[in-house]
Amino acid sequence: MTAAVFFGCTFIAFGPAISLFLFTIAREPLRVIFLIAGAFFWLVSLLLSSLVWFISVQISNKESAAQQKGLLIFGVVLSVLLQETFRFGYYKLLKKANEGLLTLSQEETMPISIRQLAYVSGLGFGFMSGAFSVVNILADSAGPGTIGIHGDSQHYFLSSAFMTMAIILLHMFWGVVFFDACEKRCWWAVGLVVIVHLLVSCLTFQNPDYTATLVPAYVILFGMGVWAFYTAGGSLRNLKLCLTCKDKDFLLSNHRPR
Amino acid sequence: IWDKNELRGGGGPEQNGHPPATRPAVQEVEEDEDEEMTLKYGAKHVIMLFVPVTLCMAVVVATIKSVGFYTRKDGQRLIYTPFPEDTDTVGQRAVNSILNATIMITVIIVMTLVLVLLYKYRCYKVIHGWLFLSSLFLLFFFSYIYLQEVFKTYNVAMDYFTLVIIIWNFGVVGMMCIHWKGPLRLQQAYLIMISALMALVFIKYLPEWTAWLILAVISVYDLLAVLCPKGPLRILVETAQERNEPIFPALIYSSTMVWLVNMADTGGPRRESAEETQEAAAPEPAESPPPLSSPQDDGGFTPSWVSQQEHQLGQLQSTEETRRQIQQMPSARPPAEEDEEERGVKLGLGDFIFYSMLVGKAAASGDWNTTLACFVAILIGLCLTLLLLAIFKKALPALPISIFFGLVFYFATDNLVKPFMDKLALHQFYI
């Protein structure tokens with residue numbers, strides 16, 4: 001495995017996320033803090049689900065491979081549910097913090113809006129999720145070895161990288177939709193986000209059949225992207241204005257001439 | 001982390017250069033503006049701390065992962081941890097590590113008390129010389145060893161003449177930047193580098209269980225020493241307040257103009273050096289090593305020295321914050337030059353060292369997930385510490401929360417999350 005594989009997979013997996021971070025989050029200290037806090041919440045959810053899985057493995061029959069796989073699937077489902085629970089918990093915490101800050105500062109506007117928080121927290125979840133999924137694999141890809149020498153798929157690294165990119169972006173979209181749904185109290189949307197997350201994770205059970213895993217995942221990614229775009233206030237008109245550099249609000253706020 | 005006002009005996013809210021009694025009318029307005037600005041400046045300063053801490057950790061992790069020297073156990077120990085850990089039984093190992101940690105923490109307590117006494121009796125010259133000599137040692141000797149090991153790892157052929165020139169320049173510029181004047185970024189870079197070097201030394205020479213125990217005990221000690229009324233650090237802080245001197249600008253990472261630190265301090269940095277030089281002097285004559293341990297590897301850099309930094313620094317950090325808040329409040333007094341300095345944040349090098357040591361040990365165990373988890377945990381701990389400081393405005397230690405989170409996440413990730421994620425990666429399941 002070569003440096004090309006290592007760098008290629010790293011950039012595929014983290015490229016979009018890091019660009020988003022650099023261009024939209026890195027300059028605002030408050031956003032960076034909430035990003036890291038989001039990553040922390042995801043980590044705690046993972047810890048809890050690992051704890052439950054670990055206990056269940058200890059009390060189970062370690063010889064039976066089928067049982068172990070079943071437990072793993074149970075672990076995945078539990079982890080997804082816990083992640084979404086923690087996303088909700090983070091939302092509640094942010095609402096409380098924002099209210100507290102408002103009353104303290106007696107200002108009309110919050111220093112950071114709930115939509116920005118949704119985006120940032122989603123990306124935080126995504127970063128952590130992606131990092132935990134793929135960093136060990138990337139580290140191995142920089143070392144010596146031959147991929148798939150025992151008959152496994154040759155595209156392990158590449159598919160991992162693509163799946164990771166999808167997951168990171170999906171987390172961001174889920175964050176935006178989830179927070180907005182919580183704000184507007186439409187619980188069906190919240191439920192739908194949870195179901196879609198479960199669906200994407202369960203799709204990966206079909207690995208290494210990558211066409212059955214990656215293609216639906218990217219279709220879902222595209223769908224969620226469109227949903228998140230409309231939730232965040234985008235529309236075809238906005239998009240057209242932005243792409244042709246005629247969006248006056250955007251230009252004004254960035255002090256650029258048309 | 002401490003509030004000047006509280007120790008002055010209460011009185012009104014923090015005022016910018018005026019005694020509290022004279023300005024009651026503008027009190028409320030200032031508090032409101034204070035809160036809003038606190039948040040904005042608070043976030044900015046949290047990030048100003050995140051970046052150097054992240055850089056230091058990155059240097060340590062990169063070194064640990066590439067240079068094998070710092071993870072190799074050569075059987076040498078510091079004289080402060082004389083009991084070996086490669087014993088036959090687990091029980092014996094536990095007892096040895098507890099003894100090691102006890103010795104270390106006793107040394108630290110003694111050094112802190114000596115420090116407080118030296119400060120009380122104004123032995124500033126001793127401290128100054130000590131600090132100078134110890135940073136000299138660190139910048140030349142340890143960086144020489146580091147460079148040597150890096151060359152060995154990458155099989156770079158290097159002659160002594162070039163090496164001497166490199167080390168000489170590195171060391172001299174470092175001494176100038178740290179103790180005198182220099183470009184801010186260069187000084188920050190040097191402080192990060194020496195913190196990383198110290199953390200690497202600890203990672204190499206402290207045995208496994210001893211290191212974890214020391215981390216835990218140091219956090220508890222920090223908590224006690226700062227919060228208890230008779231704690232040495234609290235006494236130190238109060239003494240400095242009485243004398244109206246800035247405490248220990250020594251060996252702090254500062255994000256703004258640091259030459260003002262040297263201007264402002266009279267005895268601060270000097271204090272620390274007194275201890276170090278005495279420490280460094282003591283092992284030198286006693287070169288014949290006792291059978292159990294070899295003191296050659298201990299450069300006289302007792303971890304106690306650095307922990308003192310972090311004790312003070314934990315406070316310093318908040319000191320600057322409260323001073324900054326005060327500076328931002330409107331006042332009739334024209335802003336002093338110290339304003340620039342106050343607007344920045346200062347963090348103790350001891351904090352850097354122990355954070356990096358924790359993350360470095362996580363990296364040494366081989367798993368990147370653990371490293372990442374500890375990194376995030378420490379950053380969140382730092383965030384929470386600063387938040388608590390902003391809320392309570394009272395003396396708080398800087399280490400405990402971060403180290404506690406770091407330790408919890410290290411052991412939890414290493415034992416629970418790692419097998420789970422490994423199994424998931426094996427089947428390529430995604431959560």
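What follows is a short exchange about two chains in a predicted model.

Colleague: How do you know that the span of helix α4 of chain B, residues 124-154, agrees with what it should be?

Modeller: Compare two numbers. At 1.5 Å a residue, its 31 residues should span 45 Å. The end C-alpha atoms are 44 Å apart, so the two agree.

Colleague: What comes just after α4(B)?

Modeller: B:N155 does. Its phi is positive, about 55 degrees.

Colleague: What is the reach of helix α4 in chain A, and what is expected?

Modeller: That helix covers residues 114-141, which is 28 residues. It reaches 39 Å from its first C-alpha to its last. The expected value is 40 Å at 1.5 Å a residue, and the reach is close to that.

Colleague: Where does α4(A) bend?

Modeller: At A:V134, by about 40 degrees.

Colleague: What makes α4(A) mostly covered?

Modeller: The count of buried residues. Of its 28 residues, 24 are buried. Buried here is under 20% relative accessible area.

Colleague: How do you know that chain A and chain B are in contact?

Modeller: By residue counts. 52 residues of chain A are in contact with 38 residues of chain B. Contact needs heavy atoms within 4.5 Å. The area buried between the two chains is about 4000 Å². Carbon and sulfur atoms give 76% of that area.

Colleague: How many salt bridges and polar pairs lie between chain A and chain B?

Modeller: The salt bridge count is zero. There are 11 residue pairs in polar contact, both residues at pLDDT 80 or more.

Colleague: Which helices of chain A supply the side that touches chain B?

Modeller: α2 (29-58), α3 (65-105), α4, α5 (156-184) and α6 (187-203) each supply at least two residues. The largest share is from α2(A), with 18 residues.

Colleague: Now B:T210. Why is this residue called buried?

Modeller: Its relative accessible area is 0%. The cut-off for buried is under 20%. The value of 0% falls under that cut-off, so B:T210 is buried.

Colleague: Where does B:T210 lie, and what does it touch?

Modeller: B:T210 lies in helix α7 of chain B, residues 208-227. Leaving out residues up to four places away in sequence, B:T210 touches B:T81, B:E85, B:S97, B:N100 and B:A101. B:N96 is 114 residues from B:T210 in sequence, yet their C-alpha atoms are 8.2 Å apart.

Colleague: Why is the pair B:T210 and B:E85 called a polar contact?

Modeller: The cut-off between N or O atoms is within 3.5 Å. The side chains of B:T210 and B:E85 are joined at 2.6 Å, so the distance meets that cut-off.

Methods
Residues numbered from 1 in each chain as written. Chains lettered and ligands numbered in written order. Predicted model: local features only at pLDDT ≥ 70, side-chain atom pairs only at ≥ 80, totals over all residues. Heavy atoms only, no water. Helix = DSSP H or I, 4+ residues; strand = E, 2+ residues; numbered from the N terminus. Expected span 1.5 Å × (residues − 1). Bend = angle between axes of the 7 residues up to and from the residue. Buried < 20%, exposed > 50% of the residue type's maximum accessible area, 1.4 Å probe, protein only. Buried area = accessible area lost by both parts, 1.4 Å probe. Salt bridge = Lys/Arg side-chain N within 4 Å of Asp/Glu carboxyl O. Polar contact = N/O pair within 3.5 Å; in protein donor to acceptor, adjacent residues only side chain to side chain.
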